[in-house]
Amino acid sequence: MNTITIFGGTGFVGRHLVQHLAKLGFTLKIVTRSPSNALFLKPLADIGQIQFIPANICDLNSIKSTITGSDIVINLTGILFEKGSQKFDLIHHLAPAAMAYFSKEAGVKKFIHLSAVSASTTSRSQYAQSKALGERAVLSHFPNTIILRPNLIFGPEDKFFNRIASLAGLSPVLPLFGGGQTLFQPVYVEDVVKAIIAVITKKTTDSLYELGGAQIYNFKQLMQLLLSVIGKKRLLLPLPFVTAYAVAIASKLLSEPLLTKDQIFLLKEDCVIAKDSSGFAQLGINPSSVEAILPSYLSRF
């Protein structure tokens, strides 16, 4: 198994994964809408080890040609909010379904699909619903699919801690919607990468792994930890979720919203891994703690 096609290889998880897979000697095909914007990955590998395949997964017919000749296909694509042609159902459901279908057709040996712990058909969140539908779809087309469900992923390029740290630099008050009691089990991006590499290189007995960090926190505790790391004192103000809806409405005017209605639905649901699920332990990985990692990239704040 030498050739790996990666969808979403230029994203948050993808750029970390590409670096490690290149060191292991794999030939990598990175599917991207704009190869010129992916050139930053080139220095991570030897000459000719990374190929950039131009394709737009919004065009399902363009997916087939990217998979031909691959031993392994990895889907890392995902969006946090809808914009233009990028809709939850397309990116999280229909496109992965096409990837799995064409992977089976092409004789791919392993199909690895990155989902989310929040995936649920009963959630009010369209994000969570589309993730669940995507899981069902890939399994229907590629029954041996290995699904990884990470919790909130953090790391140098994350959109969670970095955004809150930036906001803390501008405002003396930080909101705690719903009182900040929602539970999370943040997982370090490098640990997610280790899990992906483990299911590539090792014989695994499970088809679904839930990936959560070493500890569970509520939202307020995460805010307090962040403020401690960046050395700032800010008022943490509990606010009802109805106030969050007002923020979401105002955020519609921004190119990248601070908060969306769909994300509010997610904030109302605890995000922790199931106690009886397979995860890092079964893959021989000890997840890193938030306390150990945050100072390494939030010191700039």
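Predicted model: local features only at pLDDT ≥ 70, side-chain atom pairs only at ≥ 80, totals over all residues.

Reader: How many aromatic pairs does the structure hold?

Author: Nine aromatic pairs. Rings of Phe, Tyr and Trp (its six-membered ring) pair if their centres lie within 6.5 Å; planes under 30 degrees apart count as stacked, over 60 as edge-to-face and the rest as tilted. Phe-111 and Phe-142 make a tilted one, 5.8 Å centre to centre with 35° between the planes.

Reader: Where do Phe-111 and Phe-142 sit?

Author: Phe-111 is in strand β5, and Phe-142 is in the loop between α4 and β6, 31 residues apart. Helices (H or I, at least four residues) and strands (E, at least two) are DSSP runs, numbered from the N terminus.

Reader: Phe-111: buried or exposed?

Author: Phe-111 is buried, at 1% relative accessibility. Buried means under 20% relative accessible area, exposed over 50%, partly exposed in between (1.4 Å probe, protein chains only). Phe-142 is buried too, at 3%.

Reader: Why is the Phe-160 and Phe-219 pair edge-to-face?

Author: Because their planes are at 80°, with the centres 6.0 Å apart. Both residues are buried. Ring pairs also link them into a cluster with Phe-154, Phe-161, Phe-184 and Tyr-188.

Reader: New topic. How many helices and strands?

Author: Eleven helices and 13 strands.

Conventions. Residues numbered from 1 in each chain as written. Heavy atoms only, no water.
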